Amino acid sequence: MRDTVNWVTACHLDDIEQEGAIRFDHAGRTYAIYRAPDDSVYCTAGLCTHEAIHLADGLVMDYEVECPKHSGAFDYRTGEALRLPACANLKTYAVEVVQGEVRVAL
Amino acid sequence: MNMIIIGAGECGTRAAFALREAGFSGAVTLIGAEHGLPYERPPLSKPDGDGVQRKTICDQAALEGAGIAYMPGTTIAAIDPALRIVRLADRELPYDKLLIATGAQPRRLTCPGAEHALDFRSHADAARVFAGATGPVAIIGAGLIGMELAAVLRARGLPVTVIELGPAPLGRAVPPRFAARLHQRHETEGVRFHFGQAIAGIDAAGVTLADGTHIPATLTVSAIGVVPDLGLASLAGLAVGNGILINARLQTSDPHIFAAGDCAAIAGQRYETWRNARDQAQIAALNMLGQAQDFAALPWFWSDQYDLGLQVVGTPQDAPILRSHPDGTEIEFHLQGDRLIAAAGLGRGNAVARDIKLAEMLIAGGQSVDAASLADPSVGLKSLLKARKAA
Ligand SMILES: Cc1cc2nc3c(=O)[nH]c(=O)nc-3n(C[C@H](O)[C@H](O)[C@H](O)COP(=O)(O)OP(=O)(O)OC[C@H]3O[C@@H](n4cnc5c(N)ncnc54)[C@H](O)[C@@H]3O)c2cc1C
Ligand code: FES
């Protein structure tokens, strides 16, 4: 069976700083939405895979987000864990920006 | 080639994996006195739910996958550097390179009844403390661990009293402004403090202070700092001081033996932080493989008390520049001339993390920074970093 994709409006592009991230909570789950230096937008699971720490509080540099707790790092485009102590990858979600509105496929 | 690591804490375990990550294919043996899988200590004083949590550093599959021979519950009593062997109770293991990562042990009180006070260092200690914490608790020592534990027990509704010999809490590593804010928060939460007081004695009913004050407690915890056990190293003839003495390559006075983490003193300085244990492990592993890497990481640590998060990078000095964010988050910048050398921050949750990380990058970059910009919360630190990179 195929999962039905549910497009959810998360925020406005202007709500996210360039090269920054915000936390987005929806239906009891938490996500992080990133605006890259080139203004492209990405979404990952909101919590670090090392401990349950909100990644949106972390530093975004280029295409990398660093966990605010122990400096684990992820490529937020692919969810790939780049630096220990984080070793499990993050789940990622498709994003589209329509007239400045950020929608996430959850 | 045989690599042996003594001590399976944060440092020893990281070093074992780092040897593999660097491509080493010989034998790696990780020997630890504690039972079970290697675990992280910081969560012991910051438990998520009720009771103690054991957050393992790695699972059995990861150890096996990396081909690390792990020997838990095994204490090494002697090293013979001339023969290059470590001695176990029933046999000897030869090494080509040895890493000592034996950490540190709680300093013991010497007052009458000291045996009534529980330590707080290992998972077993924490399990004992949380199981026994059902009534009023006395915590001796207002350092990071004592204060974190006070916050956790207070949040569970227990009456908590903290007793400290010095005049204020968090004397050593935390800048005074943030130590005072944390102290204030504990007072607001109802923790009682006694400063400048030696302990006259401890018994099952509580703690008696030098001035005769009696603090009733059904549980007393001793958190007066840690000291490395240097017995193994001195017996082996290694140079020791306030820790096992190591050079910039993390080598002891014997070139085949390295030391790292809480037990090691580099340039006379011993660090007792999680990240240092990991950073030194990484460099020690590379140097065991002959890569000649100097250790140069900046000291960094965090502490969580109630919903407040503290982070400190570098070694704070006097007279910092203060950046106050509208949400109450504060960052202190410590300059030497016009160079940033340290920063510290206190705020809710992980509010300080971004600024402290950027400060760390500014410190590492070593260029001059403008004090007025540091003080102005509307100037993003990232812009200072980028301006510098562009310049
Ligand atoms: C409760 C608590 C909270 C903490 N919170 C923070 C925090 O918030 N932030 C932070 O930065 N740091 C924190 N720390 C400090 C951090 O955990 C330590 O700096 C770190 O664990 C040091 O790692 P290590 O491997 O050098 O030593 P350890 O973790 O002490 O490990 C050494 C291991 O070696 C074993 N060993 C000793 N002698 C022998 C022997 N002869 N043979 C075999 N094995 C031996 C010991 O049993 C131990 O398991 C905290 C520490 C504690 C106790
Ligand atoms: S919680 Fe993210 S690295 Fe530890």
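Reader: Which residues line the second largest cavity?
Author: B:Tyr271, B:Thr273, B:Arg275, B:Asn276, B:Asp279, B:Phe295, B:Ala297, B:Leu298, B:Pro299 and B:Trp300 line it. A cavity is a set of points on a 1 Å grid over the protein atoms alone where a 1.4 Å probe fits but cannot get out, and lining residues have an atom within 4 Å of a point. This is a predicted model, in which local features need pLDDT of at least 70, side-chain atom pairs count only at pLDDT 80 or more, and totals for chains, interfaces and linings use all residues. Residues are numbered from 1 along each chain as its sequence is written, chains are lettered from A and ligands numbered from 1 in written order, and side-chain values use heavy atoms, without hydrogens and water.

Reader: Which helix gives the most to that lining?
Author: Helix H7 (residues 274-288) of chain B does, with three residues. Helices (H or I, at least four residues) and strands (E, at least two) are DSSP runs, numbered from the N terminus.

Reader: And what lies nearest the centre of the largest cavity?
Author: A:Glu66, A:Ser71, B:Gln311, B:Ala353 and B:Lys357, out of 15 lining residues. Helix H8 (residues 353-365) of chain B supplies the largest share, four residues.

Reader: New topic: in what order do the four strands of the open sheet in chain A stand?
Author: The order is S2-S3-S4-S9, with antiparallel pairing; two strands pair if DSSP finds at least two bridges between them. Strand S2 (20-26) and strand S9 (92-93) of chain A each have a single partner strand, so one side of each lacks a neighbour in the sheet.

Reader: How many bridges join S3 to S4 in chain A?
Author: Five bridges join strand S3 (residues 29-35) to strand S4 (residues 41-45) of chain A. A:Tyr34 has A:Tyr42 in S4(A) as its bridge partner.

Terms used:
On a 1 Å grid over the protein atoms alone, a cavity is a set of points where a 1.4 Å probe fits but cannot get out, and a pocket is an open set with protein on both sides within 12 Å along at least five of seven lines; lining residues have an atom within 4 Å of a point.
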